[in-house]
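The sequence and the structure are shown first, and the description follows.

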Amino acid sequence: MGSPDLAECDDLALLARARKDDRPAFGELVRRHQHSALRVAAVISGSTEEAKDIVQDAFVNIHRKLDSYRGTGSVRSWMLRVVANHAKNHVRSRIRRIRREDQHAGLLLRVDDGTEPMAVQRSENLAVAEALGRLPLHDREVLGCRFVAELSEAETAEVLAVAIGTVKSRTSRALAKLQREFERAEFTEGR
Amino acid sequence: MINNLEMRLADIGGKFDIDDSGLVESIDARLNRQSLSSRRSGRRLLQIAAVAVLIVVMTIAFHPDSRRAVANWFGLTQVRIERDADLDLLSTPVTFELPGPGESQIIEVNGRQIMVSTIYGRLGGSIMQKTLGSSTSIIEVDVAGHLGLWISGAPHEVMYEASDGHVVVEQVAGNTLLWEVGDVLYRLEGFENLADALEFVGTRASDAVSD
């Protein structure tokens, strides 16, 4: 996968080829958007460990319903919406299985080099990740799309199937909650 | 502080500890497996359909009531339907031995026609049973030390797993005794009650095919 021929195709062209059972074309679509998909899945599910399985399931499902893309919005947004829905379903099914307070234990960050500035930054990032993980699902999903996966407001609106105005208001409220959560955690831990 | 949080969120997105290696390949492999499974499922449905048709044909051939119903349906009330010449009618059950796998036999016991069929298959494990009509009953029985099922009542459908893993559907019109010996499944159809069927099978259940 990833041939020069495919790399020159835009997403719509790849989708058209994938619909004709061109598996490498579908693979190229996955490869292009897997990083955003993994970030969205991780933030919404609250688990970096489970993100890969969620994304895998979502892309298998996407392949099954390639014909359902109607051309409203970008192919990327459409695919990320499927990923987001899979992640939300995953959370709902897990909520039924385990206690509420255990569900956001796993937004894990890679270990950087051991220098002092990196260690401080890592500590702060961990605190933000933990605070993010404690927010309700609807706050996590909007912050995850906007900032963690770095989608535009319009893309986030398409992924979450809401109006752009809703994205703006929800983002503002979610950031305020995140800040309070972050400060509460700092106070509790005596930083 | 808000702007700082936005930067932090963007920063942690790039630092998530997610192993994304081989994701494309994993998805591709799953799609291949699904595609293969789908083709197998299609073939299995065809095989089940073929077996169901065969059983219906056999049922029609072996049961006078069914033959009459089909003949009436076609408006052929005066037609005489002959039995398949390949299936010999035996009238001496004392010397009767259970047929080998893939074979069927019709015998006459006390004036009743009894059909015995043998196939490679199993009742155990993933057996699925489905009855048509609430008056059908299925009970598990011991047939000379082997697992068996006695199916009685209304016409019914029995599904079981053949030796190659395929699901086989059998449409059965009369009371039926099924029992397995190793990888072989026997079917005895035509007895009114279980006691008569078990008495007839007797030691033949064990003798026909060794475990």
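## Confidence

The model is predicted. Chain A has an average pLDDT of 83, and 82% of its residues score at least 70. Among the elements of this chain, helix α2 (residues 11-19) has the highest mean pLDDT, at 94, whereas α6(A) has the lowest, at 75. Over residues 98-105 of chain A, pLDDT stays under 50, and the model has 8 contacts beyond four places in sequence for this stretch. Where pLDDT is low, the predicted coordinates should not be read in detail.

Of its 191 residues, 40% are buried. Among contacts in chain A with a separation of 6 or more, 65% join residues 24 or more positions apart.

The largest nonpolar core has 57 residues; Val40(A), Ala41(A), Val55(A), Val83(A), Leu132(A) and Leu143(A) are those that touch the most other members. The helix that gives the most to this core is α3(A), with 11 residues. A second, separate core has 20 residues, including Val143(B), Trp150(B), Leu177(B) and Phe200(B).

Leu132(A) illustrates the packing within chain A. Leaving aside residues up to four places away in sequence, Leu132(A) touches Val43(A), Leu107(A), Arg140(A), Leu143(A) and Leu178(A).

Ala84(A) belongs to helix α5 (residues 75-97) of chain A. Is Ala84(A) buried or exposed? Ala84(A) is buried, because 27 other C-beta atoms lie within 10 Å, and a count of 20 or more defines a buried residue. With residues up to four places away in sequence not counted, Ala84(A) touches Val40(A), Ile44(A), Glu141(A), Val159(A) and Leu160(A).

Just after α8(A) comes Ala161(A), with a positive phi of about 55 degrees.

## The contact between the chains

The contact draws 33 residues from chain A and 23 residues from chain B. On the side of chain A that touches chain B, at least two residues each come from α3 (23-45), α4 (48-64), α6 (116-134), α7 (137-148) and α9 (164-189). The most is given by α3(A), with 9 residues. By class, this side of chain A has 18 nonpolar, 8 polar and 7 charged residues.

## Elements of chain B

In chain B, strand β5 (residues 137-143) and strand β6 (residues 146-152) run antiparallel and are joined by 7 bridges. They form a hairpin with 2 residues between them, and Ala144(B) in the turn has a positive phi of about 50 degrees. Val143(B) stands opposite His146(B) in β6(B). Val143(B) is also a member of the second core.

Glu189(B) lies in strand β10 (residues 184-189) of chain B. Glu189(B) is buried, with 24 other C-beta atoms within 10 Å.

Helix α4 (residues 194-201) of chain B has the buried residues Ala197(B), Leu198(B), Phe200(B) and Val201(B). These residues cover an arc of only 160 degrees around the axis, and therefore lie on the same side of α4(B). The face turned away from the buried side of α4(B) carries the exposed residues Ala195(B) and Glu199(B).

## Selected C-alpha separations

The table lists two pairs of residues, each within one chain.

| Pair | Separation along the chain | C-alpha separation |
|---|---|---|
| Ala84(A) and Ala42(A) | 42 residues | 9.6 Å |
| Glu189(B) and Ile106(B) | 83 residues | 9.5 Å |

Notes
Residues numbered from 1 in each chain as written. Chains lettered and ligands numbered in written order. Predicted model: local features only at pLDDT ≥ 70, side-chain atom pairs only at ≥ 80, totals over all residues. Contact = placed C-beta atoms within 7 Å. Helix = DSSP H or I, 4+ residues; strand = E, 2+ residues; numbered from the N terminus. Nonpolar A, V, L, I, M, F, W, Y, C, P; charged D, E, K, R; others polar. Buried ≥ 20, exposed ≤ 12 C-beta atoms within 10 Å, placed from the backbone. Pairing = 2+ DSSP bridges. Core = buried A, V, L, I, M, F, W, Y, C linked by C-beta atoms within 7 Å. Arc of directions from axis to C-beta. pLDDT = per-residue confidence, 0-100.
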